[in-house]
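This report describes one protein chain, from its overall architecture to selected residues. The sequence and the structure are shown first.

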Amino acid sequence: MKRLLCLGLGLLTLSLGSCGYHAGGLVNKKLEGVKTFYVTMFDNFTTYPNAGMLMTSAIGNALQTDGTFRMAAPGAADVEISGSVSNVTIEQSLVDWQDTHLSLEFRITMQVDYKVKRVSDGKVIKEGFATGDGSYYNAGGNVQSGRDAALSYAARNVAEEIVASFTTP
């Protein structure tokens, strides 16, 4: 009985192991052979302070979370990821039904241009732009804190979109 159980568990393990699951994402054909990355500080061409820093941090965190590539020092990385926050817009998405001049919810949209280049030869492997958004509520509290949190959330959304473009074939 014990042997039959061990045999059954062994077969189950083999069948689950062949289902195609692996840690990390799939690698885009242009990024085959790339194991490590370095993220340079993203430029900020907007009027929002720290937007470039938020984007740099979000890209690094998203790539580390994905697990496909490892972070490396500037001289030791296979690819360098750079870019700029080119646009941040805020729009009113919800108003008070009694006073249309009183905004209750805002939506922040961030647009980022990015470039991935191979460090060894300087060849641009991938470039493009991505957008993401976040929202915050004006609940009579500190509007600036809400705006900063929404901008950080938008940066994370953009970073996830960019990383998905790297790890999808």
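pLDDT is the predictor's confidence in each residue, on a scale from 0 to 100. The model discussed here is predicted, and its mean pLDDT is 80, with 76% of the residues at 70 or more. Over residues 16-24 pLDDT stays under 50, and for this stretch the model has 3 contacts beyond four places in sequence. Among the elements, helix α1 (residues 2-17) has the lowest mean pLDDT, 53, whereas β2 has the highest, 96. Where pLDDT is low, the predicted coordinates should not be read in detail.

**Overall architecture**

The protein comprises 3 helices and 6 strands. Along the sequence these elements follow the pattern α-β-β-α-β-β-β-β-α. Of its 169 residues, 33% count as buried. The accessible surface amounts to about 10,400 Å², and carbon and sulfur atoms make up 56% of that area. Among contacts with a separation of 6 or more, 67% join residues 24 or more positions apart.

In soluble globular proteins, nonpolar side chains tend to be buried together. The largest nonpolar core of this model has 35 residues, and those with the most contacts inside it are M55, I59, I81, M110, I162 and F166. At least two residues of this core come from each of β1, α2, β4, β5 (103-118), β6 (124-137) and α3 (143-167). Helix α3 gives the most, with 9 residues.

**Helix α2 and its ends**

Helix α2 has 16 residues and reaches 22 Å from its first C-alpha to its last, close to the 22 Å expected at 1.5 Å a residue. Its buried residues are A51, G52, M55, T56, A58, I59, G60, A62 and L63. Two of these, M55 and I59, are also listed among the residues with the most contacts inside the core.

N50 lies in the loop between β2 (43-44) and α2 (51-66). The phi of N50 is near 70°, a positive value in a residue other than glycine. N50 counts as partly exposed because its relative accessibility is 49%. Just after α2, G67 takes a positive phi of about 85°.

**Selected residues**

| Residue | Relative accessibility | Class |
|---|---|---|
| T56 | 14% | buried |
| T40 | 17% | buried |
| V88 | 10% | buried |
| Y137 | 56% | exposed |

T56 lies in helix α2. T56 counts as buried because its relative accessible area is 14%, and buried means under 20%. The side chain of T56 reaches the backbone oxygen of G52 at 2.9 Å. Beyond its neighbours within four places in sequence, T56 is in contact with V39, T40, M41 and F42.

One of these partners, T40, lies in the loop between β1 (36-39) and β2. With a relative accessibility of 17%, T40 is likewise classed as buried. Residues up to four places away in sequence aside, T40 touches T56, E80, I81 and S82.

V88 is placed in strand β4 (residues 79-95) and is buried, at 10% relative accessibility. Its contacts, not counting residues up to four places away in sequence, are T46, Y48, I108, T109, M110 and L151. With Y48, V88 forms a pair 40 residues apart in sequence and 7.7 Å apart in space, C-alpha to C-alpha.

Y137 is found in strand β6. Y137 counts as exposed because its relative accessibility is 56%, and exposed means over 50%. Neighbours within four places in sequence aside, Y137 is in contact with L104 and E105. Y137 and A150 are 13 residues apart in sequence, and their C-alpha atoms are 9.4 Å apart in space.

Definitions and conventions. Residues are numbered from 1 along each chain as its sequence is written. Side-chain values use heavy atoms; hydrogens and water are left out. Helices (H or I, at least four residues) and strands (E, at least two) are DSSP runs, numbered from the N terminus. Buried means under 20% relative accessible area, exposed over 50%, partly exposed in between (1.4 Å probe, protein chains only). The expected span of a helix is 1.5 Å times one less than its number of residues. Contact means heavy atoms within 4.5 Å. Accessible areas come from the Shrake-Rupley method with a 1.4 Å probe; for residues, only the protein chains shown count as cover. A nonpolar core is a set of buried Ala, Val, Leu, Ile, Met, Phe, Trp, Tyr and Cys residues joined through side-chain atoms within 4.5 Å. A polar contact is a pair of N or O atoms within 3.5 Å; within protein, one must be able to donate a hydrogen and the other to accept it, and residues adjacent in sequence count only if both atoms are side-chain atoms.
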